[in-house]
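User: Can you walk me through this one? I'd like the layout first, then the details.
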Amino acid sequence: MNIAKQFDTLWYQGASLAFVAMVTGAALAIASQATGPRIAEAQARKTQAALAEVLPGNSFDNDLMADTIAVKDTDGRTVTVYRARKAGVVTGVVFGMENKGYSGTIKLVMGVDRDGRLTGVRVTGHTETPGLGDKIELAKNPWVLSFDGRSLGDPAPARWAVKKDGGIFDQFAGATITPRAVVNAVKRGLDLYAAQQATMLGEPAAPAAPQS
Amino acid sequence: MSEACATAAADSAPATPTPPAGPSYGALMKDGLWSNNPVLAQMIGLCPTLAVTGNATNGLGMGLATTAVLVLSNMLIASIRNLVSPNVRIPVFVALIASLVTLIDMSMNAWMYELYQVLGLFIALIVVNCAILGRAEAFACKNPVSASAIDGLAMGLGFTLTLVVLGGIREILGSGTLFAGASQMFGPAFHVLEVTLIHDYKGFLMMILPPGAFFVIAFLIAGHRVIEQRAAKRAAAAQAPLPDGAHA
């Protein structure tokens, strides 16, 4: 039968559209089933690697993804806190913060040790201007490393800002809003840690920790 | 309505799949790379073109990802071209292309995670690249699979070339480098591509920002036209002496 003769009939057009919708729908459903677990696994690996990056390498021996706690920050946003433990003792925490940058939201993860000192900050997602604001990525610029070892008291709260605002952190030529947003987000993260330290470390809010 | 495909579909009877005298592969390559270049001549797919070409590396990544999708989608469309009624071809092509891109996106995410980290962003953007549907409509729906694959390859390479040139010009003017970050995207072997052309360059910010894309693409399109017109004039001049009395 000559299929071309059927091209103008309504039943052929309807049927072919339905057929295409069915085939593509089925293909996508099957592909989604087949790739779903692998994609989730790859993303979990990536998250785990990103978490480990902001912690000192020898500071934990637990599965970070399995040891989490949810706390609320001052905006009422729920923050997932991953706890790093060594021999059962919490040595530090990792959590994500975000802030509005020059264009869109900047997401970062930060690691904080028991004393509230930063063990690392990494930007995990942003849509800042390429070539300018993207220097907040470690791959492009070592700038984020300037947070390592800092804490709420070091520098003093007033100096927790980019140099243009009287702080100690560098801004980039042509981009001030982006680093300012990152500095503020990190500062807010440290404030959150200070406010919720006991909860995050999973210990009773006693004046001193029971052991050592 | 729908003349574009209707004539072709009616012409190619199912018994003889090859339409009469298709263009040669060489002509297809020249078409895609230069004379009918998707960006410079057809001016389609400009949205991703302008968006990602802040540097040459991104242009290359976007171009290669688009080329792969173009070849596959052209082959897919060409293989079913005799079964699709011209009246419903657009929704059929859109559904097929969107599914194809999504399938590639998911498979890369699952099995080529490293590559996906690099090209994943571009794959998602390809869905909105009308060059894909444009080639399905203009070529693949009236030509056999092999010619359509070559057309996809040629158009894809022409697209890639334009994006690399556009990104390269913007990168050199904007930040004084060329192929910065290529080793991050394609692997350490590509470190040799990365060059800093102007040392201690303060940068010309506007070239990296969207306006720079419009300026550079305008000059590229104008340059393409000038060269094409000169070539046409020369061809006309070469032929003019033969028919008597014709002078322009």
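User: How far apart are the C-alpha centres of domain 1 and domain 2 of chain A?
Analyst: They lie 40 Å apart. Domain 1 of chain A covers 3-49 and domain 2 covers 54-201, with bounds from an automatic or database domain assignment. This is a predicted model, where local features need pLDDT of at least 70, side-chain atom pairs count only at pLDDT 80 or more, and totals for chains, interfaces and linings use all residues. Residues are numbered from 1 along each chain as its sequence is written, while chains are lettered from A and ligands numbered from 1 in the order in which they are written.

User: What pattern does chain A follow along the sequence?
Analyst: Chain A reads α-β-β-β-β-β-α, with helices (H or I, at least four residues) and strands (E, at least two) taken as DSSP runs, numbered from the N terminus.

User: And the sheet, in what order do the five strands come?
Analyst: The order is β1-β2-β3-β4-β5 in chain A, an open sheet with antiparallel pairing; two strands pair if DSSP finds at least two bridges between them. β1 (68-72) and β5 (118-125) of chain A are at the edges with a single partner strand each, so one side of each has no neighbour in the sheet.

User: How many bridges join β1(A) and β2?
Analyst: Five, with β2 at residues 78-86 of chain A. T68(A) has Y82(A) as its bridge partner in β2(A).

User: Switching topic, what percentage of chain A is buried?
Analyst: Buried residues are 29% of the 212, where buried means 20 or more other C-beta atoms, placed from the backbone, within 10 Å of the residue's own; exposed means 12 or fewer, and partly exposed is in between.

User: What does the C-alpha trace of chain A span?
Analyst: About 85 × 45 × 30 Å along its principal axes.
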